[in-house]
Amino acid sequence: MRVRFQISISKSHLTSTRVPLHSSAMGDFLEFQDISKHFGSTRAVDHVSFGVKKGEFFSLLGPSGCGKTTLLRLLAGFEQPDSGRLILDGEDITALPPHKRPVNTVFQNYALFPHLTVRENIAFGPRVAKWPRSKIDDAVAGLLKLTQMEEKADRKPHQISGGQKQRVAIARALINKPRVLLLDEPLAALDLKLRQHMLLELDLIHDEVGITFLYVTHDQTEAMSLSDRIAVMNNGHVEQIGAPAEIYETPVSGFVAAFIGDTNFLDGRVLRIDEEDPNYCLIEVAGLPEFVCYNDKQKKPGDLVHLSIRPEKFHISNEAPKSRSGSKNAFRAKVEDVIYMGTLTKYWIRIQNHRLAISQPHGRFLLDEKPPRWGDEVWIWFHADDGYMLDRFNPSEADQAAEVETAGRPESRV
Ligand code: ATP
């Protein structure tokens with residue numbers, strides 16, 4: 001049987017590795033073993049277990065309050081777990097005080113000393129630890145170069161920009177040569193342009209220093225663009241761990257599908273296995289003609305299915321699809337909303353009780369394209385491989401995960 005997602009895409013090596021990227025006990029440099037943490041009656045972290053590889057850029061991603069900062073603080077030693085163990089390079093560090101742990105944290109608010117220059121801020125830790133002068137000078141010079149702060153080395157924090165302050169904070173954390181660098185929403189205080197720039201900088205710094213990075217963010221774009229792997233968290237537990245493409249293309253739950261990008265959910269039932277190809281099945285969804293879907297969960301006739309279909313997987317046209325594969329999953333629909341966004345147009349279309357979000361990239365918009373307009377009766381279609389069957393679906397969690405894209409949700413389910 002064909003396996004839908006065999007290729008594990010790592011940020012730095014866009015190659016087919018066929019190595020499963022799910023955490024395994026073997027080869028994990030950092031391990032969270034069955035960690036739980038309560039604050040009074042609040043369950044902040046709930047039996048969380050996963051591993052991080054040496055040198056990996058690993059992100060904890062999830063909505064506010066899902067427990068990601070608590071996990072980071074547990075690793076830094078600022079909090080103690082109620083149960084579970086933290087293992088770093090084979091050593092149990094659960095009981096070590098923060099200053100004995102080989103980790104350093106970069107905070108969102110930089111936490112620089114205002115009366116010290118950039119150079120003195122970076123050198124602060126080694127000075128307290130009484131490193132020899134020449135060793136401090138060499139290390140500071142290397143980090144000023146790495147973070148491109150050589151020209152601003154003698155300025156005080158109030159004389160540099162937010163992005164530059166964040167670079168100093170990173171340099172200051174790296175000078176101690178931590179075995180894991182913890183980054184707690186480090187870009188959250190920066191404006192959009194600076195954030196995009198700092199994403200590239202962080203990526204370069206990570207590649208240069210080769211240290212394991214554990215990065216906390218609620219911003220999916222940051223996590224997707226920086227990470228080798230992402231743990232998507234929800235309500236104190238980990239929903240899914242995987243490479244960015246794995247999480248986007250093959251989300252395990254409605255929560256993950258809705259939190260990472262936009263999606264449409266269709267709830268239905270398997271009618272029968274496709275006679276032409278038993279890897280596919282025919283699905284019945286109330287209000288839609290029956291359609292074909294790749295059956296990678298090996299569902300049987302009568303089984304319930306929850307499908308996630310990304311807006312960009314649909315085609316939309318005033319004309320019927322010409323290809324045979326397209327014609328299998330083609331529906332008549334009415335355009336309810338259109339937003340032209342430059343590189344793409346977003347459509348919201350209606351088929352009976354379903355309101356679906358569709359996005360279409362543009363090629364030669366002015367010359368060639370005759371896009372559907374508001375109120376048009378159109379055809380929409382998607383390939384049978386592009387509806388992904390979710391393992392779990394909880395409507396309220398999926399709605400909670402979808403930020404403002406509620407317009408993309410069908411209004412009723414089977
Ligand atoms: P955010 O993105 O908003 O920082 P988060 O995912 O990092 O959220 P945590 O800060 O880990 O979430 O918080 C998880 C839960 O634990 C939340 O409900 C939070 O209110 C609670 N919590 C965290 N720290 C404490 C504390 N010191 N005392 C009481 N409750 C806390």
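This is a conversation about how the words used for this predicted model follow from its geometry.

Biologist: What should I know before we start?

Modeller: The model is predicted, so local features need pLDDT of at least 70 and side-chain atom pairs count only at pLDDT 80 or more, while totals for chains, interfaces and linings use all residues. Residues are numbered from 1 along each chain as its sequence is written.

Biologist: Okay, the ligand. Which residues are around the ligand?

Modeller: They are F39, T42, A44, G62, S64, G65, C66, G67, K68, T69, T70 and H218. A residue counts as near a molecule or strand if its C-beta atom, placed from the backbone, lies within 6 Å of it.

Biologist: Which elements give two or more residues to that shell around the ligand?

Modeller: Those are β2 (42-53) and α1 (68-76), and α1 gives the most, with three residues. The names come from DSSP runs, numbered from the N terminus: helices are H or I with at least four residues, strands are E with at least two.

Biologist: How do the residues of the shell divide into nonpolar, polar and charged?

Modeller: Three are nonpolar, eight polar and one charged. Here Ala, Val, Leu, Ile, Met, Phe, Trp, Tyr, Cys and Pro count as nonpolar, Asp, Glu, Lys and Arg as charged, and the others, Gly among them, as polar.

Biologist: What makes β1 and β2 a pair?

Modeller: Two strands pair if DSSP finds at least two bridges between them. Strand β1 (residues 28-39) and β2 have eight bridges, in the antiparallel sense. F39 stands opposite T42 in β2, and both of those residues are around the ligand. The two strands form a hairpin with two residues between them, and G40 in the turn has a positive phi of about 60°.

Biologist: Which other strand does β1 pair with, over five bridges?

Modeller: That's strand β4 (residues 83-88), again in the antiparallel sense. F32 stands opposite L86 in β4.

Biologist: Which residues of α4 and α5 make the contact?

Modeller: From α4 there are G162, G163, Q166, R167, I170 and L174, and from α5 L194, H197, M198, E201, I205 and V209. Being in contact takes C-beta atoms, placed from the backbone, that lie within 7 Å. The residues of this contact divide into six nonpolar, four polar and two charged.

Biologist: And why is α2 called oblique to α3?

Modeller: Helix α2 (residues 118-128) and helix α3 (residues 133-146) pack at an angle of about 135°, with their axes 10 Å apart. That angle makes α2 oblique to α3. The contact is made by R119, I122, A123, P126 and R127 of α2 and I136, A139, V140 and L143 of α3. Those residues divide into seven nonpolar, no polar and two charged.

Biologist: How do you know that α2 and α4 are roughly parallel to each other?

Modeller: Their axes come within 7 Å and cross at roughly 25°. The two helices are therefore roughly parallel to each other. V118, N121, I122, F124 and G125 of α2 meet V168, A171 and R172 of α4. That contact has five nonpolar residues, two polar and one charged.

Biologist: Back to strands: what makes β15 and β18 edge strands?

Modeller: Five strands form an open, antiparallel sheet in the order β15-β19-β16-β17-β18. β15 (315-317) and β18 (354-361) are the edge strands, as each pairs on one side only. Three bridges join β15 to strand β19 (residues 377-381), where I380 is the bridge partner of I316.

Terms used:
Contact = placed C-beta atoms within 7 Å. Axes fitted to C-alpha atoms, helices over the stretch in contact; angles between N-to-C directions. Parallel < 35°, antiparallel > 145°, perpendicular 65-115°, else oblique.
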